[in-house]
Protein chains: 2
Amino acid sequence: MTGAASHHRTAARRYHHGDLHRVLLEAGMELVREGGTEAVSLRAVARRAEVSHAAPYHHFRDKAALVEALAVEAFRIFTRTLRGSWESADGSPLERLGALGTAYVRFALDHPFEFRLMHLPGLRQMPAAGGASPVSGASAEAFGVLVDAIKACQEPGLIPEGDPEPFALTAWSTVHGLAVLLLDGLLDGYPFEAQGGELAGLVTRTLGRGLMSR
Amino acid sequence: MTGAASHHRTAARRYHHGDLHRVLLEAGMELVREGGTEAVSLRAVARRAEVSHAAPYHHFRDKAALVEALAVEAFRIFTRTLRGSWESADGSPLERLGALGTAYVRFALDHPFEFRLMHLPGLRQMPAAGGASPVSGASAEAFGVLVDAIKACQEPGLIPEGDPEPFALTAWSTVHGLAVLLLDGLLDGYPFEAQGGELAGLVTRTLGRGLMSR
DNA sequence: GGTATAACTTTACGCTGTCAAGATTGGTCG
DNA sequence: CGACCAATCTTGACAGCGTAAAGTTATACC
């Protein structure tokens, strides 16, 4: 193994160029970022990767498998962002939890196409074989960040003791709902000031009060 | 005008059968209920209505317009359901608000395809002419039910005074988020008992506590 | 009653996902 | 070192999709 492309003159464009799997994923992600999941077609991905329209079938079972892989990648980026926000936030654990919620909403607004990609219907029931789908695993990691944050709030008694997951679920529902409603444009007609952070702050404060009290 | 179909022997199947617009909507809604929005194609709708594949173009500008009309219809059914739930619930206004939230989640779980139809991306920016899109109006009516419920809670002082819309938004975000997460299957791996009403109750109770305090 | 017009059909085009068959290559074993 | 094998990639084809253009038929109105 002296470099993945050692058998080619340049890095591209022979029968076996060695890294098509990754190139296809990158091309697909570009298309998502430019035009949303609707812009992702197997043929468009192949065109961008400068291969024939059937080449992707040697790396992905079908279009759904490609989209699934893209969703997993988006979830990974999302999880990293959330974790970064939690770790870099300061203040009380509850304040940091609020920052985490705001980061959740901000990610959705900053990366609407990736966010929608993560929540495409039908992503989670793949055939494969028995086990849970990869995207379920990826989303579970994102949820884990939230659960950890709840635990951090429970330790000094800011949130009641007990199984943290129900609390995390409530928090998740709230920020996720806000993010989705904002993306849907369902809130466009209302005089809520500063669509983004303002609303996130409002909602997470209400949520925080609900979580605190017994 | 002595009856819309007076010029036909039977009720169906001539060049002008008089009611194709409605028939197309019904066929489209059937397809949604059977296989989700993915199963809705202009040609499938036309087939089910037993007309040629281009006939729908005399009643809808394009596929997006048909889907938009279906979404409006779904929102109307949804709004009726919510209003019915609010009016038939008893107990304190806060308890009735909880019932409303549970009804929101239950509708999503009972009618997943219609619910997703209501929240398809891109539904809300139609060309038309200046004014807000019809689906925005339809969703605003659903939101109105929530706002009214919040107002009813404010009257006896169960929720602080002031503009009800921020409170309604928080409540909406919470139940909507839970509904979407459940539909996405994001919560499948967790030992939350009784996916439906249990979680809705849990979440709405936490939400209610957050709304009450100050 | 004849005619404009709306409703509907037919035909056609380019796009899509997917499959089957052929071409080309890199790696492995004799 | 050379021949083969299997993986990779291409080409060609098919059905289904959304949509536009052109042709057909029935209705409504003068």
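P56(A) is buried, with 24 other C-beta atoms within 10 Å. Here a residue counts as buried if 20 or more other C-beta atoms lie within 10 Å of its own, exposed if 12 or fewer, and partly exposed in between, with C-beta atoms placed from the backbone. The model is a predicted one, so local features need pLDDT of at least 70 and side-chain atom pairs count only at pLDDT 80 or more, while totals for chains, interfaces and linings use all residues. Residues are numbered from 1 along each chain as its sequence is written, and chains are lettered from A and ligands numbered from 1 in the order in which they are written.

Back to the proline. P56(A) sits in the loop that links α2 (42–48) to α3 of chain A. Leaving aside residues up to four places away in sequence, P56(A) touches L24(A), L42(A), V45(A), A46(A) and L66(A); a contact means that the C-beta atoms of two residues, placed from the backbone, lie within 7 Å. R76(A) is another matter: 20 residues apart along the chain, P56(A) and R76(A) have their C-alpha atoms separated by 23 Å.

The loop between α2 and α3 of chain A also holds E50(A). This glutamate has a positive phi of about 60° although it is not a glycine. Most residues other than glycine have a negative phi. E50(A) is partly exposed, with 13 other C-beta atoms within 10 Å. Over in chain B, E50(B) is found in the loop between α2 (42–48) and α3 (63–88), with a positive phi near 60°. E50(B) is partly exposed, with 13 other C-beta atoms within 10 Å.

As for the overall build, chain A has eight helices and zero strands. Buried residues account for 38% of the 214 residues in chain A. Of the contacts in chain A with a separation of 6 or more, 64% come from residues 24 or more positions apart.

One helix pair in chain A can be looked at in detail. Helix α3 (residues 63–88) of chain A packs on helix α4 (residues 93–110) of chain A at an angle of about 150°, their axes 9 Å apart. Axes are lines fitted to C-alpha atoms, for helices over the stretch in contact, and angles run from 0 to 180 degrees between N-to-C directions. From α3(A), the contact draws on F78(A), T81(A), L82(A), S85(A) and W86(A), and from α4(A) on R96(A), A99(A), L100(A), A103(A), Y104(A) and F107(A).

In the interface, 35 residues of chain B are in contact with 36 residues of chain A. On the side of chain B that touches chain A, α6 (134–154), α7 (164–184) and α8 (197–212) of chain B each supply at least two residues, and α7(B) gives the most, with 13 residues. The copies meet through the same surface, since 100% of the interface residues of chain B are also interface residues in chain A.

Terms used:
Helices (H or I, at least four residues) and strands (E, at least two) are DSSP runs, numbered from the N terminus.
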